Amino acid sequence: MISRHRRAVAVVLALHSAAAVAGLAPPWLLGTIVDRVTAGAGVATVDRLALAIAGCVVVSALLARFAQYAGHRFGERAVAELREQFVSRTLGLPVSVVERAGSGDLATRSSVDVATVGTTVRDVVPTIVIASVQLTLLFGAVFLLHPVLGLAALAGMPSIVAVTRWYLRRASSAYLAEGAAVAELTETLTSTADGARTVEALRLTDDRIRHGTTRVTRVWRARRATLALRTVFFSVVEASYPLPVALVLLVGGYLLTRDMVSLGAVVAAALYLQQAIEPLDRLLQWTEQAQRGFASYARVLGVGLVPPEPSGSAASSHGERLVVRGARFSYSDGHDVLHGIDLEVRPGERLAVVGPSGAGKSTLARLLAGIDAPRRGVVSIGGCPITDLDPAERRRRIALVTQEHHVFIGSVRDNLSFAAPDATDDQMLAALRTVGADWYAELPDGLDTALGDGARQLGPAEAQQLALARLVLADPHTLILDEATAALDPSTARRTERALAAVLVGRTVIAIAHRLNTAHDADRVAVLADGRITEIGSHDDLVAADGAYAALWHSWHTQADERPR
């Protein structure tokens, strides 16, 4: 970051260095006053030297002010670039990586960590450099007054160096652990807030409180660990400050009695050491802050170390036949959740995938959409492996809509134009009508109605219909619906599914079904159990076979008949 802004950094360092040099004059001039008065100088001499001291203080303050201004401008530009790079790198990540990372982790990296890096770049690095320059000049000035006084001035350095080395060996890992704990807490709070209605409905309040308390405890422990390091570090450093001043006064008094040094030189040396406490304090304090900054910078850069989504070796494929052969897939724990899946979906076919929870239906949907790649086997479209397609081409041809939906901050038009930037207002309204989103007629500003926090809030069903309208506008050839109408009531879901079926005639539709009327309307039904396809065929054939699907159908049909009308 610094190398991309060499000129700005050079200006900052030059101004701070000039301010440091101007700050060296007052102690020397004060020592000169002492010597002149001792030699019998009058008030006029003292006044001239006092005015010179005041002038140096003003010059040093002005230079420091402009240096700080230049440093903040540099820091804000650098951090703005860092934020843009972070967003660009995040958007380039594979979807599966983003999902595994979690929104809390990415939110912490993009906000807390980037802000900490901003403080480091804007304040910490210049402060450390300039404080180092100031200390070098101050201790150098003491040596120039008398070498023995210079050696006495270094009396506190061994303990400071030792405790700093001890601190730095432990600080980086401690602050990384603190950052991870904060990210976990953010993830917990975010997921609990987003799922508040589900938590209440399932009476999981106590469980979420315990979960949140555990995360808070981890943050508390992590921060106590870093606090313990700071407690030792700053205590030893503060105790080391008075030692050099006291020793310089003792040694200076001894040298003064033997006429080896003037009284003014001893006074100036003591003032230089007193003046050195402030930059030394800043240096050590910001060294502690630098550990936070470097740990946060590592977390921000860590996003860029993840391999981006492969661009794909094939620009397109020939045909729309979707074929799965011997597909096996496992998540990070290494346990296979899909076992040798073989499936062929003909162009224009409507296939329903049913089965109990945990059977692997959503995992199969992700493989068919190319979000994840099988550990073994192949998933291809038109004879080309899906993961070999260019991501933009793959998303244009295959769309996956899940029960998880998102409403972006912006207008209704903004939310719909993500799917089709060139869509007209009439096309957007037609898409909303297609999915049964009658609520759009009540919007005060039509398509320009603002959505999101502080504006019009959409309920889960409305948000899901908005997501389905985006799907209609995207107009993919192959559509994968992973319980995409789960948030809608049964009657609305039925109308929406029928409307979508009419619009998507001629397109391949794969529906992960939790309502078996979807399976009833499909051309074929695949039954998934324990990561394997156990049955496949038409609805009538599977019911007649009296197997697993027939049992599911009869059970669901009985429950549907018993529901209140």
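In strand S10, Ala-511 is the bridge partner of Leu-481. That pair belongs to a set of 5 bridges joining strand S9 (residues 478-482) to strand S10 (residues 508-512), and these two strands run parallel. Here helices (H or I, at least four residues) and strands (E, at least two) are DSSP runs, numbered from the N terminus, and two strands pair if DSSP finds at least two bridges between them. Strands of a sheet pair through backbone hydrogen bonds, either parallel or antiparallel.

Before we go on, note that this is a predicted model, in which local features need pLDDT of at least 70 and side-chain atom pairs count only at pLDDT 80 or more, while totals for chains, interfaces and linings use all residues. Residues are numbered from 1 along each chain as its sequence is written, and side-chain values use heavy atoms, with hydrogens and water left out.

Now let's step back to the sheet. S9 and S10 sit in an open sheet of 6 strands with mixed pairing, in the order S6-S9-S10-S3-S11-S12. Strand S6 (398-402) and strand S12 (532-537) are at the edges with a single partner strand each, so one side of each has no neighbour in the sheet. On average, neighbouring strands here are turned by 15° against each other, direction ignored. Axes are lines fitted to C-alpha atoms, for helices over the stretch in contact, and angles run from 0 to 180 degrees between N-to-C directions.

Which strands does helix H11 touch? Helix H11 (residues 361-369) packs on the sheet against S3, S6, S9, S10 and S11, and its direction makes about 160° with that of S9. Contact means heavy atoms within 4.5 Å. Helix H15 (residues 460-474) also packs on the sheet, touching S6 and S9, with its direction at about 175° to that of S6.

Next, look at another set of strands. Strand S1 (residues 322-330) and strand S4 (residues 376-381) run antiparallel, joined by 5 bridges, and Leu-322 stands opposite Ile-381 in S4. Ile-381 also has Cys-384 as its bridge partner in S5. S4 and S5 form a hairpin with 2 residues between them, and Gly-382 in the turn has a positive phi of about 60°.

H10 gives the most to the lining, with 4 residues.
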